[in-house]
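Welcome! Please take a moment to look over the sequence and the model below, and then we will walk through parts of them together.

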Amino acid sequence: MSASERTSQVHACVLDAIGNTPVVRLGRLFRDHDVVAKLEFMNPGGSVKDRMVRYMLRYLPADVEHVVESSSGNTGAALAMAAAVRGLRCDVTVPDRTSTEKIRRIEAYGAEVHMCASDVPESNERSYYSMAESIAAEHGAFHLDQYRSALNRQAHYTDTAPELWFQLDGRIDVFVCGIGSGGTISGIGRFLKERDRRITVIGIEPLHSSYRAAVTGAAAEGDFGTVIEGVGKRAPSGTFDAAVVDDVIQVPDDTAVDYCHRLAREEGILAGGSSGCVAAGIAQLLPKLSGRIVTVFPDSGVNYLSKYF
Ligand code: PMP
């Protein structure tokens with residue numbers, strides 16, 4: 001191949017290196033089954049949230065110089081990375097249970113982190129959501145608002161889902177996905193259902209989270225509180241689209257952490273707690289499922305080395 005025939009491998013900036021993440025078969029953990037995971041922690045900002053932030057910034061008004069977002073850490077890191085590239089000021093509000101590694105990562109990009117109460121509903125003035133709203137109001141900053149914005153799920157419908165579909169030649173029987181804001185499952189779920197209505201979409205969340213009740217109508221029970229970051233919510237977020245989700249499975253925290261360890265030791269995949277949660281959910285579901293099961297691993301275990309490992 002001559003030099004002129006070669007496509008340039010140089011990206012104009014790090015945001016152009018988002019996506020094209022690998023899909024890997026989990027053949028050791030789930031022997032005799034076809035289970036594959038898309039490794040979203042291989043994005044430059046470290047998580048699936050790079051895609052959403054890149055997509056949302058396309059709609060950012062041109063005069064915005066200051067952005068703010070409430071986040072369990074990964075959206076914060078993605079936004080802080082993008083803000084560094086675009087020369088924007090960035091504030092991120094996080095619940096106080098967020099891992100030290102994620103907080104340090106956001107700060108390393110030059111953004112400011114605000115620790116907020118994690119044991120209160122969104123409407124409470126001390127919640128990370130309310131704090132983001134007040135920073136936006138006080139400083140005239142733009143609040144991305146991943147928990148309410150339709151751009152969140154659209155990012156995955158437009159970007160993540162077609163990429164996954166192409167990588168798997170459309171061979172997907174069941175899509176299993178952790179639910180935090182619900183953007184990933186709603187965007188990918190809608191795309192898959194539009195391609196083939198027979199594809200089953202199953203959400204995974206920690207015990208006592210609210211999405212199972214929202215999808216199945218089952219009564220919500222117990223007090224929500226989890227050590228798994230990024231998944232589960234006290235009340236479903238506005239971006240979640242229950243119409244494309246067939247069922248939701250709840251996983252105890254210790255089982256999720258156990259599957260994090262097993263992913264590292266048996267598959268050589270150092271993934272975060274929500275990936276462990278999803279892997280544990282798949283193990284729970286396997287006796288009832290057939291065909292190819294596809295999932296997304298949102299972030300890396302490097303984010304939680306001092307917490308789960
Ligand atoms: N896992 C992790 C580690 C996350 O940070 C998030 C985002 N909150 C999710 C899963 C869930 O993704 P989504 O918000 O798209 O539901």
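Predicted model: local features only at pLDDT ≥ 70, side-chain atom pairs only at ≥ 80, totals over all residues.

Let us begin with helix 4, which covers residues 128–139. Its twelve residues, at 1.5 Å a residue, should span 16 Å, and the C-alpha atoms at its ends are 16 Å apart, so expectation and model agree.

Now look at how the residues of helix 4 sit in their surroundings. Tyr128, Tyr129, Met131, Ala132 and Ile135 are buried. Viewed down the axis of helix 4, the buried residues fall within an arc of 165 degrees, which means that they line one face of the helix. On the other side of helix 4 you will find Ala137 and Glu138, which are exposed.

What covers the buried residues of helix 4? The cover includes strand 3 (66–70), strand 4 (89–95), strand 5 (112–116) and strand 6 (142–143). After helix 4 comes Gly140, which has a positive phi, near 65 degrees.

Next, turn to the helix pair. Two packed helices are described by the angle between their axes and the distance between those axes. Helix 1 (residues 49–57) packs with helix 5 (residues 150–167) at an angle of about 105 degrees, and their axes are 9 Å apart. Because angles of 65 to 115 degrees count as roughly perpendicular, that is how helix 1 and helix 5 are oriented to each other. Helix 1 brings Arg51, Met52, Tyr55 and Met56 to the contact, while residues from helix 5 include Leu151, Ala155 and Asp159. By class, this contact of helix 1 with helix 5 has five nonpolar, five polar and two charged residues.

Definitions and conventions. Residues numbered from 1 in each chain as written. Helix = DSSP H or I, 4+ residues; strand = E, 2+ residues; numbered from the N terminus. Expected span 1.5 Å × (residues − 1). Buried ≥ 20, exposed ≤ 12 C-beta atoms within 10 Å, placed from the backbone. Arc of directions from axis to C-beta. Contact = placed C-beta atoms within 7 Å. Axes fitted to C-alpha atoms, helices over the stretch in contact; angles between N-to-C directions. Parallel < 35°, antiparallel > 145°, perpendicular 65-115°, else oblique. Nonpolar A, V, L, I, M, F, W, Y, C, P; charged D, E, K, R; others polar.
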